[in-house]
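Here are my notes on the pockets and the nonpolar cores. Please read them with the model open.

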Amino acid sequence: MYVIAGLGNPGRKYENTRHNMGFLAVDRLAEKHGIKVGKIRHKALIGDGNISGQRVLLVKPQTYMNLSGESLREVMDYYNVDIGNLIVIYDDLDLETGALRIRKKGSAGSHNGMKSVVGQLQSQDFPRIRIGIGKSGGLDWKDFVTGKVGKQERDVLAEAIARAADAAECIIDRGIDRAMNEYNIKPESERRGSSDEKGND
């Protein structure tokens, strides 16, 4: 059994904000695979279904970001899921908008939701998919991450969310190494910039 958890904040106030990239990626998976994420259990919205022939639990913690780990600890304990079968999807300020980074394991970095997850699970040994939301541009970071996605970012982030969902499916279907090779790519704007620089050398 796999658990795919998207981190975010519940409620209309936080819909389509930068901090809810994880929620949006889980929504994308749910829509693609016909999984209804509607049951409230373990302080989360949960949906039970199948992806690539495996039983998968889609999880959206409803504790607010900073306490996400409380919900995931309950889910992991109740279903007795191996820590390596947890995939966490979340936003990252340190990545350019639209960039995707998949890792087998690692620290929580500066992300408070992931700090809670790592602290509650007492482990860093699980795959994670980070969706880049870019720098705050001088705004207070709290206001930035809970701010609505602007028009200029919308298409780029929508593409990144779709790729994050596909990457989670790839981890289940073909393994983490294949997913890292296939999906750890720069966003189109960054790739275009690199090509321009090479042409000017």
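1. A term first: helices are DSSP runs of at least four residues, numbered from the N terminus. Bear in mind that this is a predicted model.

2. Second largest pocket, by element. Helix H1 (21-33) supplies at least two residues of the lining, and so does helix H5 (151-174). The space in this pocket comes to about 240 Å³.

3. Second largest pocket, by residue. Its lining includes Met 21, Leu 24, Asp 27, Arg 28 and Glu 31. Arg 154, Leu 157, Ala 158, Ile 161 and Ala 162 also line the pocket, as do Asn 16 and Val 149. By class, the lining splits into 7 nonpolar, 4 charged and 1 polar.

4. Largest pocket, size and centre. This one holds about 290 Å³ of space. Its lining has 19 residues. Which of them lie nearest the centre? They are Tyr 90, Asp 92, Ala 108, Ser 110 and His 111.

5. At least two lining residues come from each of strand E5 (86-92), strand E7 (128-132) and helix H4 (141-145). E5 has the largest share, with 3 residues. The lining counts 7 charged, 7 polar and 5 nonpolar residues.

6. Largest nonpolar core. In soluble globular proteins, nonpolar side chains tend to be buried together. Here the largest nonpolar core has 36 residues. Those with the most contacts inside it are Ile 4, Leu 58, Ile 87, Ile 89, Ile 102, Ile 129 and Ile 131. Helix H5 gives the most to this core: 10 residues.

7. Leu 58 up close. What does Leu 58 contact, beyond its neighbours within four places in sequence? The list is Ile 4, Val 26, Leu 29, Ala 30, Ile 35, Val 37, Leu 45, Ile 46 and Gly 47. Of these, Ile 4 is, like Leu 58, among the residues with the most contacts inside the largest core.

8. Ser 68. This residue is found in helix H2 (residues 68-79). Is Ser 68 buried or exposed? Buried means under 20% relative accessible area. Ser 68 has 1% relative accessibility, so it counts as buried. Leaving out residues up to four places away in sequence, Ser 68 touches Leu 7, Pro 61, Thr 63, Gly 113, Ser 116 and Val 117.

Key:
Residues numbered from 1 in each chain as written. Predicted model: local features only at pLDDT ≥ 70, side-chain atom pairs only at ≥ 80, totals over all residues. Heavy atoms only, no water. 1 Å grid on protein atoms, 1.4 Å probe; cavity = no way out; pocket = protein on both sides within 12 Å on 5 of 7 lines; lining within 4 Å. Points joined across faces, edges and corners; volume = space filled by probe spheres on them. Nonpolar A, V, L, I, M, F, W, Y, C, P; charged D, E, K, R; others polar. Core = buried A, V, L, I, M, F, W, Y, C linked by side-chain atoms within 4.5 Å. Buried < 20%, exposed > 50% of the residue type's maximum accessible area, 1.4 Å probe, protein only. Contact = heavy atoms within 4.5 Å.
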